[in-house]
Amino acid sequence: MNSEAVVRSLAALAQPVRLQVFRCLVVAGPGGLTPGALVEAIGVPATGLSFHLKELTHAGLVSQERQGRNLIYRAAFDQMSALLDYLTDNCCEGEPCLPSSTAVCAC
């Protein structure tokens, strides 16, 4: 993954609604979700959701597929993995990262 793609991905995720949409799609897994299901799950208006899905798709973090009359959105797990690999490979100045004993997950 090149630095331009990394910046585009991080910029897309640096917005609360887009981050929430992306997390919802990650949890949904390979089956993905329709826009209606996303609206219901996160409570964002459909008009706003469309804009956020477009931004995530442009960043390559979300894919879209038409199934009959429905659009299915899915997290692009390969892109997400590439982003995580890039961040991991380029942290700690190339040295192995030491786990923090004070790290707390707020998931």
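Guide: Gladly! Helix 2 gives the largest share of the lining of the largest pocket, 5 residues. This is a predicted model, where local features need pLDDT of at least 70, side-chain atom pairs count only at pLDDT 80 or more, and totals for chains, interfaces and linings use all residues. Residues are numbered from 1 along each chain as its sequence is written, and side-chain values use heavy atoms, with hydrogens and water left out.

The lining is made up of Leu 13, Leu 19, Phe 22, Arg 23, Val 26, Val 27, Leu 61, Met 80, Leu 83 and Leu 84. A pocket here is an open set of points on a 1 Å grid over the protein atoms alone, where a 1.4 Å probe fits, with protein on both sides within 12 Å along at least five of seven lines; lining residues have an atom within 4 Å of a point. Its volume, the space filled by probe spheres set on the points, is about 170 Å³. Helix 2 and helix 5 (77-89) each supply at least two lining residues; helices are DSSP runs of H or I, at least four residues, numbered from the N terminus. By class, the lining has 9 nonpolar, no polar and 1 charged residues, where Ala, Val, Leu, Ile, Met, Phe, Trp, Tyr, Cys and Pro count as nonpolar, Asp, Glu, Lys and Arg as charged, and the others, Gly among them, as polar.
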